[in-house]
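Trainee: I'm new to this one. Could you pick a single spot, take a close look at it with me, and then work outwards from there?

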Protein chains: 2
Amino acid sequence: MTGNAIDYSTLFNKDLPAPAAQFEGHPKYNFIGGHSDPDSVPMEGFIEAATNVFSGDPKYMSMYSLDGPQGILPLRQFVVDKLRAHRGIEITTDEVLITSGSGQGIQIINDVLLEEGDTVIVEEFSFSGALNFLRKRNVNFIGVKIDDAGIRMDHLEEILEELRGKGIRAKYIYTIPTLQNPNGSVMSMERRHRMLELSAEYGVPIFEDECYADLVFEDKYEPAIKALDDTNRVLHIGSFSKNLGPAMRLGYMVAPWEIMSRFISAKADAGSGVMDQLIVGDYFTNHYDEHIQNLRAALRRKRDALGSALRESFGPNVEFEMPRGGMYLWMKFPNGVDVRDLVAPALKEGIAFNPGPDWSADPEAAANYIRLCFALPSEGDIWEGVEKMAEVFRSEGALP
Amino acid sequence: MTGNAIDYSTLFNKDLPAPAAQFEGHPKYNFIGGHSDPDSVPMEGFIEAATNVFSGDPKYMSMYSLDGPQGILPLRQFVVDKLRAHRGIEITTDEVLITSGSGQGIQIINDVLLEEGDTVIVEEFSFSGALNFLRKRNVNFIGVKIDDAGIRMDHLEEILEELRGKGIRAKYIYTIPTLQNPNGSVMSMERRHRMLELSAEYGVPIFEDECYADLVFEDKYEPAIKALDDTNRVLHIGSFSKNLGPAMRLGYMVAPWEIMSRFISAKADAGSGVMDQLIVGDYFTNHYDEHIQNLRAALRRKRDALGSALRESFGPNVEFEMPRGGMYLWMKFPNGVDVRDLVAPALKEGIAFNPGPDWSADPEAAANYIRLCFALPSEGDIWEGVEKMAEVFRSEGALP
């Protein structure tokens, strides 16, 4: 029956994204995405945890959700304990929903709150995935200015006031307050409190994404905004991709039951991976502090290497702040540079970085920014990669 | 600031499903869902596999997708080998996309092919999840009659002809040909060939869901429809939830690159769980045949127990076929019985079953059917549960 092939181009949904290209392997000097440090992955600890887990109840494996649709209890209990000890948040396991990565948490909040044409407020520079989700939903998003202490509250108030004048109530304010993605800032305490006041005054929830919050390189630092909220104004999400590794696709959402019950019914995926949940739950219950100290130390060394390499190779032509933690450095080129023109020439030399426009509510406003993830490459590759990157940028005329 | 709580009811999307109820634990006699047999979970084998995996490359854990967006290569290679050896399908790893359960595969096919108002053809009785996804998308679905040899091709032709008369081209025909869910049938060879002819004649793809196909209790049986297709008419999906356990949330899609490249770009979840993929890939590469023989034997014993228990407790008042494999039995009550009235009284006695209407394109057409999953309960609980179920049904007037 050859010859009767179906012409799928006549069947595809009209709004499809471009088809994927064949995968050609990863670049040698890989500064993109949110990959983690391979040498900090606790492989021995995972063997121990897996051995514990698979010596336990096989019903965890044979059933969709032995502990109910919110996820496995030992992992939810770990989230409760960690948030209490490290983020100042007091909740019970009923207020935790385990998700398949924090990206799913963002999608669920959007599913529950957003309709086409709604308005939300985002940080002017923000997580590309979150911005893309909003674009796909045809939602209006307004970028609020940020600096090295997080959202500028005067600008937030201005936006909220202007929206009120138009009779518009934003559905949420999306913030990554603790190690902002991409700019690495940590929101000051004063602004955290002010943000809660503005949330109350305008009736707009705060959507707090703390997926990097465990990676501040200090023992004591700012608590979550959720920790300062005595009512229900904050919807809080987090991730295991950054404090452990993305291979497990695990994150969590925290909300009071009135909203949690909506999150659960919106999560139509038959549950998140239980095998991962059990292994991560067992490992972190026994080794969280030890692991986080190791990981922070490794990331600190890599951050320092990147900062030094950039100063050496790029000199005074670029501006950046050294982040207090995390895995990203956000770097500004002189006005007039368009980093999108540099992506292909860099990739030809095996160097990959994230162009600023992908991380910006208004892409043009970040035409001269790039984001560098320093977690994956070795310190040697960071030094080599930055040197080669500077060469490419120079030969492309982006640097003197 | 107590008192300034946000009233979320004024912010929710208007089309939300009902909020979830608090989880109250699982019923003692649990015949619902697609849970698997706990005693067949290879816990020792998982320890061995996890030890192998975590003795390997830590980059698998620290990166989103070391082997690219289609999933980990060892698992894709296993899918290729299994489909060649057991389902007659010849493909390469480029034609396989690992998904988070086969439910995600259904959603991706829907994302790529469907727009609101489109028409698809489904089996009159079908997977509740697939039907619900279509309802949410406001897609028209037409139920085609099935019997103990699968879809009735005369009825399929009639539907396709009628649609053609109205100028409508259905986007796909969704079928579970090998151990149909819920009726347990295996489509005959003659009908498989005929279905491909009809697909070619009307230009409508076949969406073949083989998530139960490994569980036929025989060594040799009908190949996949995809195996008989020499062009591109079949989009094929499968699952690891049924042949291993749902805790891993892993499935796969098979399609030629022209369509695969669309599936990949539509899969916006940053990848499926790599830890699971590696453990399942390692375990199945070494132990697939041995595991499947064990699992089939266990399911066969439970099917036989359920069949005997039903004959003993329900007598001639119900009709059912003994399925050739799998985990479900589809049972018909006399006309006039509405099984929806029996759900609550049964649950009060700790007995849970799936009411037919949830598994039916036209809910009313299955008002007197129930689906029983025999994989999870022990043989003792199957006997006890069926006896108690018959008592409840009798006291509710559904049986004489």
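Mentor: Let's start at B:Asp37, which counts as buried because its relative accessibility is 3% (buried means under 20% relative accessible area, exposed over 50%, and partly exposed in between, using a 1.4 Å probe and protein chains only). Before we go on, keep in mind that this is a predicted model, where local features need pLDDT of at least 70, side-chain atom pairs count only at pLDDT 80 or more, and totals for chains, interfaces and linings use all residues, while side-chain values use heavy atoms, with hydrogens and water left out. Residues are numbered from 1 along each chain as its sequence is written, and chains are lettered from A and ligands numbered from 1 in the order in which they are written.

Back to our spot. The side chain of B:Asp37 meets that of B:Lys302 in a salt bridge, at 2.8 Å from N to O (a salt bridge is a side-chain nitrogen of Lys or Arg within 4 Å of a carboxyl oxygen of Asp or Glu). B:Asp37 sits in the loop between β1 (29-30) and α1 of chain B and B:Lys302 in helix α9 of chain B, so this pair ties together parts that are 265 residues apart in sequence. Those element names come from DSSP runs, numbered from the N terminus: helices are H or I with at least four residues, strands are E with at least two. B:Lys302 is buried as well, at 6% relative accessibility.

Now compare a pair in chain A. A:Arg340 and A:Glu364 join their side chains in a salt bridge at 3.0 Å, N to O. A:Arg340 is in the loop between β11 (328-332) and α10 (343-348) of chain A, and A:Glu364 is in the loop between β13 (354-355) and β14 (369-373), so here the parts tied together are 24 residues apart in sequence. A:Arg340 is partly exposed, at 32% relative accessible area, and A:Glu364 is exposed, at 53%. Over in chain B, B:Arg340 forms a salt bridge with B:Asp338, with their closest N and O atoms 3.0 Å apart. There, B:Asp338 is partly exposed at 24%, and B:Arg340 is partly exposed at 31%. Some salt bridges share partners, and in that way A:Asp81, A:Arg84 and A:Glu90 are joined into one network. Over all chains, a search of the whole structure finds 46 salt bridges.

How many of them run between chain B and chain A? The count there is 2. Several elements of chain B give two or more residues to the side that touches chain A, among them α1 (43-53), α7 (189-202) and α9 (274-314). The largest share, 7 residues, comes from α8(B). By class, that side has 51 nonpolar, 28 polar and 21 charged residues (Ala, Val, Leu, Ile, Met, Phe, Trp, Tyr, Cys and Pro count as nonpolar, Asp, Glu, Lys and Arg as charged, and the others, Gly among them, as polar).

In all, the contact takes 100 residues from each of chain B and chain A, where contact means heavy atoms within 4.5 Å. About 8,100 Å² is buried between the two chains, and carbon and sulfur atoms give 63% of that; buried area is the accessible area, with a 1.4 Å probe, that two parts lose on being put together, summed over both. On the chain B side, B:Tyr8, B:Leu11 and B:Tyr64 lose the most area to chain A, together 9% of what that side buries.

One last stop is B:Cys211, in the loop between β8 (206-209) and β9 of chain B. B:Cys211 counts as buried, at 9% relative accessibility. Leaving aside neighbours within four places in sequence, B:Cys211 is in contact with B:Ser102, B:Ile237, B:Gly238, B:Ser239 and B:Lys242. In chain A, A:Ser239 lies in strand β9 (residues 234-239) and is buried at 2%. With the neighbours within four places again left aside, the contacts of A:Ser239 include A:Ser102 and A:Cys211.
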